[in-house]
Amino acid sequence: MVPPTVLPVMASPAKPTDPNNNNPDRLRAVARYSGIGVQMAATIGLSTWAGYWLDKHFQTETPWFTLGLMLLGLFAALYNVIRAVSNGE
């Protein structure tokens, strides 16, 4: 007796990747990371503006408030970016 012939199972051909693919996961990732960028710009901008305002209010000769609050805003923004990326928010 001859054993039955087993035909190989062929996988369906892979679909070509479309660079303009509107995958919902991809759109969520773009929205999340662009939101992080906007939040970072807002944090640094508002803290710099607050330092500038304090320098004008106290009429300082050197912009220590501006520099200090700008650096504080930069570190706070970087902390938020690192936290958001590492948590996968």
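Q: Among contacts in the protein between residues at least 6 apart in sequence, what percentage join residues at least 24 apart?
A: The share is 46%, where contact means heavy atoms within 4.5 Å. The model is predicted, so local features need pLDDT of at least 70 and side-chain atom pairs count only at pLDDT 80 or more, while totals for chains, interfaces and linings use all residues. Residues are numbered from 1 along each chain as its sequence is written, and side-chain values use heavy atoms, with hydrogens and water left out.

Q: What makes up the secondary structure of the protein?
A: The protein has two helices and zero strands. Helices (H or I, at least four residues) and strands (E, at least two) are DSSP runs, numbered from the N terminus.

Q: How do you know that the span of helix 1 agrees with the value at 1.5 Å a residue?
A: The expected span is 1.5 Å times one less than the number of residues. Helix 1 has 35 residues and should therefore span 51 Å, and its end C-alpha atoms are 51 Å apart, which agrees. Helix 2, with 24 residues, reaches 34 Å from its first C-alpha to its last, close to the 34 Å expected.

Q: Which residues of helix 1 are called buried, and what do they pack against?
A: Buried means under 20% relative accessible area, exposed over 50%, and partly exposed in between (1.4 Å probe, protein chains only). In helix 1 the buried residues are Ile 36, Ser 47, Gly 51 and Asp 55, and they pack against helix 2. In helix 2, Thr 66, Gly 73, Ala 77 and Ala 84 are buried, and their cover includes helix 1. Buried residues make up 9% of the 89 residues in the protein.

Q: Why is Gln 59 called exposed?
A: Gln 59 has a relative accessible area of 69% and is therefore exposed. Gln 59 lies in the loop between helix 1 and helix 2, just after helix 1, and takes a positive phi of about 50°. Most residues other than glycine have a negative phi. Just after helix 2, Gly 88 takes a positive phi of about 75°.

Q: What makes the contact of Asp 25 with Arg 28 a salt bridge?
A: A salt bridge is a side-chain nitrogen of Lys or Arg within 4 Å of a carboxyl oxygen of Asp or Glu. The closest N and O atoms of Asp 25 and Arg 28 are 2.8 Å apart, and the structure holds one salt bridge. Both residues lie in helix 1 (residues 24-58), three residues apart, about one turn of the helix. Arg 28 counts as exposed because its relative accessibility is 55%.

Q: Why is the aromatic pair of Phe 58 and Phe 65 called tilted?
A: Rings of Phe, Tyr and Trp (its six-membered ring) pair if their centres lie within 6.5 Å; planes under 30 degrees apart count as stacked, over 60 as edge-to-face and the rest as tilted. The structure holds one aromatic pair. Phe 58 and Phe 65 are 5.8 Å apart, centre to centre, with 35° between the planes, and the pair is tilted. Phe 65 has a relative accessible area of 34% and is therefore partly exposed.

Q: How do you know that Ile 82 is exposed?
A: The relative accessible area of Ile 82 is 60%, so Ile 82 is exposed. Ile 82 lies in helix 2 (residues 64-87).
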